[in-house]
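Hi,

Here is the structure I promised to pass on. Have a look at it first, and then read my notes below.

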Amino acid sequence: MTEFSFDALRRWPDVEAPNLSASDATDRLVLDTAASELADAAVGDVVAIGDRYGALALGAAALHGAGGIRVHQDGLSQERAIAANAERLGLSDRVELRPLDDELVSGARVVLLQLPRSLDALDEIAGLIARSASPDARVFAGGRVKHMTPAMNDVLGTAFGSVSAGLARQKSRVLTASSPRVGAPQRWPKSRRHDDLGLTVWAHGAVFSGNQIDVGTRFLLDYLDAVPAGARDVVDLGCGTGVLATEFAKRRPDARVTATDQSAAAAASAHLTAEANRVGDRVTVQRDDGLSAQPDASVDAVLLNPPFHIGASVHAGIALKLFAEAGRVLRPGGTLLAVWNSHLQYRAQLERLVGRTRQLGRNAKFTVTVSRRLD
């Protein structure tokens, strides 16, 4: 076994802060619960899904001798953190980062899972495992007790014949699922037609708001005309299902739109949404951490509905990172059109990170602002 400490894991290049950790008690409980199965696992038997910063996969490798571990993490910054942690700990040859598809879980016998808070995300993952993993596969799905609900057992029960809950420890609990149901249907991704907008939205399970249109995005749609008519290169930053990118491309046939999101599920959903609404030839979808692939001063406008949660924590770090990225890539005179929860009071940060900012609209929950980069 390799010397290993959970405290050695870092979140970098994801947001780091004193109240944000790279591992928690759930990671340790999942590994302890699966210990006997991990000890018996052959190379290639183990899969880790939702492994935020590598605690599950790297812990299985270092503490239990597992090898050939296939790992999926939806967020690109967290995926890069797993790779960085593996390299720093000398475990890069034990893990392989993979997309969420049949090959990720094909033939797997032990699946380590950090429970997503979204039941839709869990449904997509559970169905995938049931269809493609080994018939004797066991899933060890852990979460913080305060975020777990009986509905999670029900969702797992649609894909597995046996689901049992272990004892809680340090405010965490593990659900163990086995006996995959043969012929579990493939229900994801899903689409929804929004007749009021003339828009079809596609979504994978892990995407925020699914194939609905969240209220912040709907509010921002009312102000798309605030983007100057001359804007040709436009970015939908943190695109989710691609609603803003697709609607802007529909309204501005002369614009080239890049939709970018660090979530693999979001990027795949945005691509489907653009294609379904016949603007796929003018919307380029990229999975990116912020706008790291975009040169300085290279775009005319950025559209942004930033998240205000990092995992289960309310934290402004991700929004400030995205504001700074928008300010960096905007050309002089470029426009950031943003919507944000009014109580977060981002106006001063937008002035500092982007440029002169004014309010365009405000309702009971959200504020829409336009910021101009002047230098």
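A quick definition before we start: two strands count as paired if DSSP finds at least two bridges between them. Keep in mind that this is a predicted model.

Let's begin with the sheet. Seven strands make up an open sheet with mixed pairing, in the order E12-E11-E10-E13-E16-E18-E17. Strand E12 (283–287) and strand E17 (356–362) are the edge strands, each pairing on one side only. On average, neighbouring strands here are turned by 20° against each other, direction ignored.

Helix H9 (residues 243–251) touches strand E10 (233–237), E11, E12 and strand E13 (299–304), and its direction makes about 175° with that of E11. Helix H10 (residues 264–276) touches E11 and E12, at about 170° to the direction of E12.

Now for the rings. There are four aromatic pairs in the structure. One of them is Phe4 with Phe6, edge-to-face at 5.0 Å centre to centre and 80° between the planes. Phe4 and Phe6 are both buried. The charged end of Arg28 sits over the Phe6 ring, 5.5 Å from its centre.

Elsewhere, Phe323, Trp340 and Tyr346 are linked into a cluster by ring pairs. Trp340 and Tyr346 are both buried. Finally, Lys190 lies over the face of Trp188, 4.4 Å from the ring centre.

Cheers

Definitions and conventions. Residues numbered from 1 in each chain as written. Predicted model: local features only at pLDDT ≥ 70, side-chain atom pairs only at ≥ 80, totals over all residues. Heavy atoms only, no water. Helix = DSSP H or I, 4+ residues; strand = E, 2+ residues; numbered from the N terminus. Axes fitted to C-alpha atoms, helices over the stretch in contact; angles between N-to-C directions. Contact = heavy atoms within 4.5 Å. Phe/Tyr/Trp six-rings, centres within 6.5 Å; stacked < 30°, edge-to-face > 60°. Buried < 20%, exposed > 50% of the residue type's maximum accessible area, 1.4 Å probe, protein only. Lys NZ or Arg CZ within 6 Å of the ring centre and 35° of its normal.
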